[in-house]
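I opened the notebook to look at a protein model. I wanted to know how its chains are built and where they touch.

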Amino acid sequence: MDGQLLSETFVELTDTMVADFDVIDFLHVLTDRSVVLLDVSAAGLLLADPRGELRVVAASSEAARLLELFQLQNDQGPCLDCFRTGQPVTAADLDAEAQRWPRFAAAARQAGFAAVQALPMRLRDQVIGALNLFRATPGAFDPANVRIGQALADVATISLLHERSMRHSDTLNEQLQTALNSRVIIEQAKGKLAERLGIDMTQAFSLLRSAARDRNLRLADLAQAFIDGTEPLTGDAAARARQRPGGQVRPAPRPSSWPRP
Amino acid sequence: MTVSRAGRIWGLIAVQAARRDGNVSAADACAAAVAAVSVTGGWLSAAGDGDAVHLIWIADVASDQLAELQLTLGEGPSLDASASGGPVLASDLGTAEAARRWPAFTPAACQAGAGAIFAFPLRIGAIRAGVLGMYRTQPGPLSTSQLGDALVFADTATLLLLDAPGQAAGGSGAGAGPGGQPADLALHRAEIDQATGMLTEQLGTGIADAFIRLRAYAYVNDLRLTDVARDIVARRLRLYPDPGPSQDGEV
């Protein structure tokens, strides 16, 4: 464990929690750092929606296969178990979990993961979600890393309740739903940008994220403005293309078999 | 668990519509919601052009007053819910916090008989359809299960508002009734949101119309919404602007 990196990360995370705090961007930073700090391949944060679903709010990668693994846990998997019990759930070798989670274990193996862990996001007696960690190689999770992972999950919980006092469950539920709706806006904006520029969802997400930072806007606000047409993002797309090898902004690929332009 | 909740709620809305002897509407969803989550009354406002809102349903006189007060005073839970994209749950209007949050509205709302107000934005990401407001004469929070139900009622009202004739072109018949795909929609899928965003570009429409077209395509072709969305995201399927579905097709 890199102690220097760890303390830098916590300083960075607490520095972010100031006025104009962007909870979605913050949670993305947190999942990114989790991958590095905890030596895992992928990380995601799932929140428990009062509607009765677990929904992903941030992930270290926007790859569809990973998002699918989060969604699948509405039916079965470590996050669902973690959410129900309030306890960490670990599978050091997914090959041995075919009985415990038949669909989830198979899908996770197919996505290239061999071990998984879910750490609870707890607020007093209530579990509001989980930090989900995936590793490509089987084996036990280092107990020291598990403690740090739990600390990161705790920070994520606090960040969701940052803006006002957490006396009321009202406030928690308001924040939670707002965060979940923000995630939907971002998905919609990813689709629009991906289609416009002929790029994939991961590229679209990082472009949106850097555009929001450049403008000092919350990610969801930037995404909303892009969808509403008040923020065209043309400059960002061009800058991005220049950085790409052979970089030109290309329109969406258009196979000749399509019925008409 | 989600599917059964969505199914139960669609059932309650259908019963409400049958009692009224009409087609299922967003107002039925709101009336059924008020009964199911044990609040005193409620109101439904639909988003118009720009910041305009239209009050399209009220449960009682006090609901009307509470909705109108917010429009007149320019502050209140409905407006905050609309702005933030998340619900506003003011379970006790007698607190100092409520008075700080809405200095003009809070005393007026108490005067009108409200002890608690809950406002749910009718939104799917960037799509804004309106706000469902509820009030209780007595203060007190919604229980977890009441909140869960209220959110699903609000989701349903959102779909019904988007599908209402005149709300947007091509919206009618896109699976609005219980024969549509409520269970599919209740379970959230990132692909549906991504496909909706992609369709704004393919169709050259706003986000609400793109979503309506996506659902209409699934409905007309008897496909699951998630499968259609997945095909669009994978760029196996593309939709075209009007004259429409005859030209939509596989890539």
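**Ground rules.** I noted that this is a predicted model, where local features need pLDDT of at least 70, side-chain atom pairs count only at pLDDT 80 or more, and totals for chains, interfaces and linings use all residues. Residues are numbered from 1 along each chain as its sequence is written, chains are lettered from A and ligands numbered from 1 in the order in which they are written.

**Confidence.** I looked up pLDDT, the predictor's confidence in each residue, from 0 to 100. Chain B has a mean of 87, and 84% of its residues reach 70 or more. Within chain B, helix α6 (residues 105-111) has the highest mean, 97, and helix α8 (residues 182-186) the lowest, 46. Residues 167-184 of chain B fall below 50. Where pLDDT is low, the coordinates should not be read in detail. For the complex, the predictor gives an ipTM of 0.88 and a pTM of 0.86.

**Chain B.** I found 11 helices and 7 strands in chain B. These are DSSP runs, numbered from the N terminus: helices are H or I with at least four residues, strands E with at least two. Of the 251 residues of chain B, 53% count as buried, that is, with 20 or more other C-beta atoms, placed from the backbone, within 10 Å of their own.

**Contact between chains.** How many residues does each chain give to the contact? Chain B gives 39 and chain A gives 37. Two residues are in contact if their C-beta atoms, placed from the backbone, lie within 7 Å. On the side of chain B that touches chain A, α9(B) gives the most, with 10 residues.

**A sheet in chain A.** I traced 5 strands in an open sheet, ordered β2-β1-β5-β4-β3 (chain A), with antiparallel pairing. Two strands pair if DSSP finds at least two bridges between them. β2 (53-59) and β3 (89-91) of chain A are at the edges with a single partner strand each, so one side of each lacks a neighbour in the sheet. Strand β1 (residues 42-49) of chain A pairs with β2(A) over 6 bridges. There, L46(A) stands opposite V56(A).

**Helices on the sheet.** I saw helix α3 (residues 64-72) of chain A pack on the sheet, touching β1, β2 and β5 (126-135) of chain A. Helix α6 (residues 143-160) of chain A lies across β1, β4 (115-123) and β5 of chain A.

Key: Buried ≥ 20, exposed ≤ 12 C-beta atoms within 10 Å, placed from the backbone. Axes fitted to C-alpha atoms, helices over the stretch in contact; angles between N-to-C directions.
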